[in-house]
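Visitor: Could you take me through the salt bridges in this one? I'd like a close look, partner by partner.

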Amino acid sequence: MRIIKRGHACLEVIEDGRTLIIDPGDHTEPLDPVDLVGVVITHEHADHWDPEHLTSLRRRFPEAPILGPVGVLEAAEDFEIVPVHAGETHTVGPFELQFFGGNHAVIHESIPVVDNVGVFVNGKLYYPGDSFVGPDSSVEVLATPAGAPWLKIGEVMDFVIEVAPKRTFATHVMTLSEAGLELSNVRIRGAVEHVGGEHILAEPGTVIDV
């Protein structure tokens with residue numbers, strides 16, 4: 001399985017020549033996948049999906065389902081969304097998708113908590129969306145949120161230590177300056193090395209083979 005980091009919180013995952021896109025949001029560059037079989041949207045916020053990306057992907061791959069929690073169905077009402085819930089497993093093409101969590105991390109008590117699901121792809125790659133809920137089994141690669149209004153770096157480090165993946169890389173990074181991203185990478189590296197893993201410095205276009 002091949003993972004390609006895209007802009008901000010977007011991932012492109014390839015297995016047997018077929019592609020899954022996760023969270024194509026408004027900070028993500030134009031996407032040009034080959035043989036798209038599905039799109040996963042972890043939650044409704046615009047940095048994780050936008051109409052332009054979905055319209056482009058649907059135009060080219062009309063049979064590829066778009067999966068997301070109930071909040072995404074309401075926010076993206078112009079698109080046909082397959083509802084998913086924590087605890088469910090769905091299969092699209094060569095991808096087995098297990099969903100975890102259910103809620104976005106709290107930003108502030110004045111801001112409503114929206115639906116959010118973490119997704120575990122083929123029992124190898126885990127991406128929590130905007131939350132610190134991990135899967136219930138071992139993780140080879142953890143796509144680790146690094147910068148957002150809902151997190152602080154100590155929580156990120158605790159999450160990495162709890163999940164104890166073999167490898168990490170930083171995602172959800174557009175809110176960080178160059179110096180901030182460097183600091184986040186240092187702290188994530190320290191946490192994953194504490195549990196015997198390795199941190200990968202990943203920029204848009206970086207390829208990780210699993």
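Guide: Here is a walk through the salt bridges, pair by pair. A quick word on ground rules: this is a predicted model, where local features need pLDDT of at least 70, side-chain atom pairs count only at pLDDT 80 or more, and totals for chains, interfaces and linings use all residues. Residues are numbered from 1 along each chain as its sequence is written, and side-chain values use heavy atoms, with hydrogens and water left out.

Searching the whole structure turns up 4 salt bridges, each meaning a side-chain nitrogen of Lys or Arg within 4 Å of a carboxyl oxygen of Asp or Glu. One of them joins Glu12 to Arg6, at 2.9 Å from N to O. Both Glu12 and Arg6 are buried (under 20% relative accessible area; exposed is over 50%, partly exposed in between, with a 1.4 Å probe and protein chains only).

Next, Arg18 pairs with Asp35 at 3.6 Å, N to O. Arg18 sits in strand E3 (residues 18-22) and Asp35 in the loop between E3 and strand E4 (36-40), so this bridge ties together parts 17 residues apart in sequence. Strands (E, at least two residues) and helices (H or I, at least four) are DSSP runs, numbered from the N terminus. Arg18 is partly exposed at 33% relative accessibility, and Asp35 is partly exposed too, at 35%.

Then there's Asp32 with Arg60, 2.7 Å from N to O. That pair links distant parts of the chain, 28 residues apart: Asp32 is in the loop between E3 and E4, and Arg60 is in helix H1 (residues 51-60). Asp32 is exposed at 60% relative accessible area, while Arg60 is partly exposed at 42%.
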